[in-house]
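Work through the exercises below with the sequence and the model open. Each task is followed by a solution in steps.

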There are 2 protein chains.
Amino acid sequence: METLAEVRSLLDWDQVAMMPAKAARARGDQNALISSLIHEWLTDPALIDLLSGAEAEQTDDPIRIAGLRNLRREVDQAVKVPASLVEALERARASGHVAWIRAREANDYALFKPALDKLIRLAQNWSDCLSAPGHHPYDALLDVYEPGSTIESVAPLLDRLERELLAFLGRLGVLGRNSADGPRDEPAPALPLVSQEMQRVLAEEVLAAIGFDLGAGRLDTSVHPVTVSMGSDDVRVTTRYDEHDFLKSLGAVMHEGGHGLYAQGLPNALRGTFTGEPAGLALHESQSRFYENFIGGSLPFFKWFAQRARERGVPVDAGQLFHARNRVVPSLIRVDADEATYNLHVIVRFRLEVALVEGSLDVDDLEAAWNNAYVDKLGIRPTSARNGVLQDVHWAEGIFGYFPTYALGNLFAASLGAAVEADLADLWHDVEIGRFGAFLDWLRERVHSKAHLFDSSTIVKMATGERDAVEDLMTHLRNRHGRLHGLVSGSTGL
Amino acid sequence: METLAEVRSLLDWDQVAMMPAKAARARGDQNALISSLIHEWLTDPALIDLLSGAEAEQTDDPIRIAGLRNLRREVDQAVKVPASLVEALERARASGHVAWIRAREANDYALFKPALDKLIRLAQNWSDCLSAPGHHPYDALLDVYEPGSTIESVAPLLDRLERELLAFLGRLGVLGRNSADGPRDEPAPALPLVSQEMQRVLAEEVLAAIGFDLGAGRLDTSVHPVTVSMGSDDVRVTTRYDEHDFLKSLGAVMHEGGHGLYAQGLPNALRGTFTGEPAGLALHESQSRFYENFIGGSLPFFKWFAQRARERGVPVDAGQLFHARNRVVPSLIRVDADEATYNLHVIVRFRLEVALVEGSLDVDDLEAAWNNAYVDKLGIRPTSARNGVLQDVHWAEGIFGYFPTYALGNLFAASLGAAVEADLADLWHDVEIGRFGAFLDWLRERVHSKAHLFDSSTIVKMATGERDAVEDLMTHLRNRHGRLHGLVSGSTGL
């Protein structure tokens, strides 16, 4: 079954990185076939009998406990959701995606509304199939992406994070410093033009330095950077290159590199089982954010990188890169947001999608609610549907419950960063001289090797001890961005 | 089922063009899984019942006749060969390949002999499972690669071709002009250094010009050039680049481009059935050879190409390229052979593998037989196992019956070339100005669109009328190479 999933991953990677445009229809058939084979496997009565029998036996073997829990979760999703609903969802996703593209082209949310409405109702039906009585309808959706998490565990955390972020950004004085019709667009510090080929060379150097095994993986280009894994021996990351802003690609490479290191670090001993998979998307995201932000946004990292770049004839200065990278500017587009404002974008979406799924917000009122939320939280108002409610693809593809994993990942990353900093006295000195091995070993042992033996928050807790993730994230932001804005004088290596 | 075959093709393409080295073991599992699913499908009793029922009904619908015949062939191969033999073959292929690599490294045929002996015995067993009484054991093997062909139909053709080639090469005076320990190595005409990137640009220009749809395909690099198709909307060709000899890549691109055009030209109406597949490897090879040799070795083609290359700053002359491309020099390595001596390499292998399979030649005597055949036919003696009996991978992978398709492909290509030349008065003028559309239309209509409705030789006969393929090939060789060597003064545009 896991082998089929690997094949499906190769189809996915190929689709974003390699596939010729006209192959889309055939690829649809291929994907559908592999998915149906996986579904057949998961709904095989013989398998389900075996599973039920095993569940009835007492065990205290953690691998067995995790194996049964993870398999049960997949089986339930396959068995409890009727095929007719799965098909309806597939069709609604396909037409939702088309409607979203059209609505974006016309810059008109109204064109997307009927498709979105249908997708929400199907998501509710889907949730009904899997929810135990009394559960919030959002829980089953969240559980797809971050197993074991519920709205009860997530919402208070994000509420607190929001309050802290708003207070911090208020002290920085960056909120609301914009006119009514658009964000204040500070000119970015000028970066040298760097050719795509040189960026690729530097990207491979960065990947190799942080420990990504290019003999068990690849780097390619795609419109949206992704990491796709066909097992720990075949992990493929992508990026895209902008000759005018090589920091974009560098950030993407560190981000996907973090995902890739996690995928390469999953234990071979558990390969071919659901327990050998990542524990969830939030933990996956914590690895990418650890590398992209905690390490890849630090001054020691830029000292190392600038030296490497200069050796290849790219005239850059560490301080210049550090400042360019760490500007805090409220903006309308989530994927372009800095790390200090990013989580507010996520929290806006989380609140809205919870309301949509529980039925307290109608799609007719979504655009206004979105725009008001941006004014409330970031102090800026979207100037169009395209840079507002139509900017993300997730809802158009029927993906509800995914957004909070971005913020949870940032929270996990902050606690992991704080714990690594406490455990490894030489951390920032090592980073400055390009030694990325010690903290990778730390992550390998405490995070990667745990795969899906436990849920994400348990793994993080075992790795870091009891920590306050919101406080860890705010400390990190205060140390890095507060100092840049003259609010604090820190002593850590940023 | 065909969709699964497309997925298997993607795995194959990825393996040669993209896959990181360490993924080999996982890829083996993925391939085995897809193959077992295909096998399961083909051996499903319900399918076989349906097939037998359909076969019992009278029909004169050619699509139905072809469909039943093609499906029966696949089902028979899946059903009649016991799983234990299939597994034994898989294992013997894997260890045969390893033994072949070791033997090549040590340059010692003896190290490969036991593995080869095992592979031959398993091929005999395989053939026994599928052969009707009285059939030559080679027939069932040949039928895998070129359906409908038998040793009775192939051997006389290749015997005659051999006699004609020997006579022609004798008149050219190129045979045996070598010392006992190696081929006469004439210095090749000097070619300009061309960067890999420029070769890639030119390769894409050539592919686009001959009609290969890069929106429904790709060009990549691999150690051995190949064409892999995931259906007519996704056809991927590869080449490799030698900066000192860009003609190698150009030849490979025209060769794989010919394969690719055939794959893109297979009719969508038959997609998803065995009848929508290529009729056989010989017909496939005829398309690659038509483009590589008949078109791509001609003076008009080089006039067009040299102009394109000069526009990109590559200083080449059409006459120089034409002469460099069309040197006739007996050599030891099949894949480097010119088109006038190439078929002798194939015929040597055909004779030897027939003898091995029917048991009239022992593996103990193979190396001597090989070396003697090279002295007899090409007038040169291999100087090592590596440039002799160990040069091809085919036997090491248990592939017997494939070699003759190379020569049959050249024969088909010659008849197609002669017929195109007769039908299209402007052919060579068109080629000289880069108009490659008329003969592609001709091939699309008469060859590509026929898919596997008929066997290869029937399709060629329908396309060209009754022709003598050996005579067509010899006429082509006399026109092109005889003239270059001052033997004839032709008038065609070669």
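**Exercise 1: a sheet**

Three bridges join strand 2 of chain B to strand 3 (residues 235–239) of chain B, and these two run antiparallel. Strands are DSSP runs of E with at least two residues, helices runs of H or I with at least four, both numbered from the N terminus; two strands pair if DSSP finds at least two bridges between them.

This is a predicted model: local features need pLDDT of at least 70 and side-chain atom pairs count only at pLDDT 80 or more, while totals for chains, interfaces and linings use all residues. Residues are numbered from 1 along each chain as its sequence is written, chains are lettered from A and ligands numbered from 1 in the order in which they are written, and side-chain values use heavy atoms, leaving out hydrogens and water.

Task: find the order of the strands in the open sheet of chain B.

Solution.
- Step 1: the order of the three strands is 1-3-2, with mixed pairing.
- Step 2: strand 1 (217–221) and strand 2 (227–229) of chain B are the edge strands, each pairing on one side only.
- Step 3: Val228(B) lies opposite Arg236(B) in strand 3 of chain B.

**Exercise 2: two helices**

Task: describe how helix 16 (residues 403–423) and helix 19 (residues 456–464) of chain A pack.

Solution.
- Step 1: the angle between helix 16 and helix 19 of chain A is about 15 degrees, and their axes are 9 Å apart (axes are lines fitted to C-alpha atoms, for helices over the stretch in contact; angles run from 0 to 180 degrees between N-to-C directions; contact means heavy atoms within 4.5 Å).
- Step 2: helix 16 of chain A is therefore roughly parallel to helix 19 of chain A (under 35 degrees; over 145 is roughly antiparallel, 65 to 115 roughly perpendicular, the rest oblique).
- Step 3: among the residues of helix 16 of chain A that meet helix 19 of chain A are Phe412(A) and Leu416(A).
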